[in-house]
Amino acid sequence: MSVERQKGTISRRQFLQLGAVGGVVAATGSLLAGCAAPNIGGGASGPLKIGVLLPYSDIYAALGESITEGMRMYFESVDNRAGGRPIELITEDEGTAPDAAAQKARKLVEQDQVDLVAGIVSSGVAAALRDYFHDNQKFLIIANAGANALTRAAKSPYIFRASFTNWQPNWPMGSWAAANLGRRAFISVPDYGAGKDTISAFTHSFTAAGGEIVKVQLTPFPNIGDPAPFLAEIQAAAPDFVYSFYSGAAAVTFVKAYSDFGLTGSIPLAGSGFMVEQDVLPSHGSSALGIKSALHWALTLDNAENQAFVAAFAQRELPSGNKGANVFAVQGYDTARLIVEALNAVEGDMSRTDDLIGAFGSAAFPSPRGAFKMDSTTHNVINPIYIREVQEVNGTIANVVLTSVGEVPDPGDNSKDAV
Ligand code: PHB
């Protein structure tokens, strides 16, 4: 699908054709039927309207809240201005369903006429929205969703990612796990894009280091339902350890069930760090102690930027009552800084498309994660990756860095994935 832009506007016919967003057609066709053709271009004056599309419902609601608050905290630190323009945020709920989220993206772009969109937590939603932003030449700054393909075959000049690819934590963890956790791994992940990216990255490096995947278990997404049969399957396989990707409410369900089933302490659990991030650790309690994971941040990271960030974020009041920093808040903060730095570089003029692509692509600044450096080739951030362990620190439960893997860029293709 390709939609040509004419002086910053699209015709109503072209607009209606946009219903085919990455295969998401039926639910989106009639949103603005009958409205005037929207102006989706952008200039240099008036408020900079940023559409924020993040989950405020369903299993990833706490992630959306943290990312939003991280963004707000950075924007406030620059007086809510970018490129000389006041920043205006318009939020919409991403949920987890790609078709409903696509409708929200269209509403932000066509009705609210935002200058760019930031957010997206779920890989399934990101994949479904890719063509819409690419074909409309509208900037999308991804603040979480790790779908590898958007940095590879489905890369777009208009899409940048300030978070991670699903490959980035999982591939280094494969060789580390083979050396430190055992040779026989059981993989348990939710049955959608991010789960599948996790399997291919981990399996590639783990088997190259002599490991064997005993079994791969795909569980229902977004809601796992009754986890008991899945835990029984793990118990029967008796692996050296279980490697998982679960996040948000799904992580709470899985880790609790793992403990209730008596597996904690008998079969070690490991994974990408989302499963034991600071948003879910209070719910896990002591059942998470000892879990090893890989991620691009840890609460206890000893750098000046992180210490200031953690202290400032602890003061923020979140609507849910949740408190304290987590990796999602960091990603929101860095996403906001990326937007501000790029907009400053073009003096707020969104019509300077090539200059904006150059500014987003060459962004580099200090970050709570250590350093933020955009990869101009893949449009994905090059992340420092840390191997962490959940420990009790001064009476609270937190991730402590065991070792630092160093800078990990996404390879930009599938050469380091198991097929
Ligand atoms: C994803 O869908 O890409 C995803 C969701 C939640 C996470 C990480 C990745 O914590």
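What follows goes through the salt bridges one by one and then turns to the sheet.

A: This is a predicted model. Across the whole structure, the search finds 20 salt bridges.

Start with arginine 152. Its salt-bridge partner is aspartate 410, with 3.0 Å between the closest N and O atoms.

Next comes aspartate 334. It pairs with arginine 369, and here the closest N and O atoms are 3.0 Å apart. How buried are the partners? Aspartate 334 has 1% relative accessibility, so it counts as buried. Arginine 369 has 0% and therefore counts as buried too. The cut-off for buried is under 20% relative accessible area.

Now take arginine 352 and glutamate 347. Their side chains form a salt bridge at 3.6 Å, N to O. Arginine 352 counts as partly exposed because its relative accessibility is 28%. Glutamate 347 counts as exposed, at 59%. Exposed begins over 50%, and partly exposed lies in between.

Some salt bridges join up. Glu69, Glu76 and Arg316 are linked in a network of them.

Now the sheet. It is an open sheet of six strands, in the order β2-β3-β1-β4-β5-β6, and the pairing is mixed. The edge positions belong to β2 (81–82) and β6. Each has a single partner strand, so one side of each is left without a neighbour in the sheet.

Inside the sheet, look at β4 and β5. Strand β4 (residues 116–119) pairs with β5 in the parallel sense, over three bridges. Glycine 119 has isoleucine 142, in β5, as its bridge partner. Helix α2 (residues 61–77) packs on the sheet. The helix touches β1 (48–54), β3 (85–93) and β4. The direction of α2 makes about 160° with that of β1.

Key: Residues numbered from 1 in each chain as written. Predicted model: local features only at pLDDT ≥ 70, side-chain atom pairs only at ≥ 80, totals over all residues. Heavy atoms only, no water. Salt bridge = Lys/Arg side-chain N within 4 Å of Asp/Glu carboxyl O. Buried < 20%, exposed > 50% of the residue type's maximum accessible area, 1.4 Å probe, protein only. Pairing = 2+ DSSP bridges. Helix = DSSP H or I, 4+ residues; strand = E, 2+ residues; numbered from the N terminus. Contact = heavy atoms within 4.5 Å. Axes fitted to C-alpha atoms, helices over the stretch in contact; angles between N-to-C directions.
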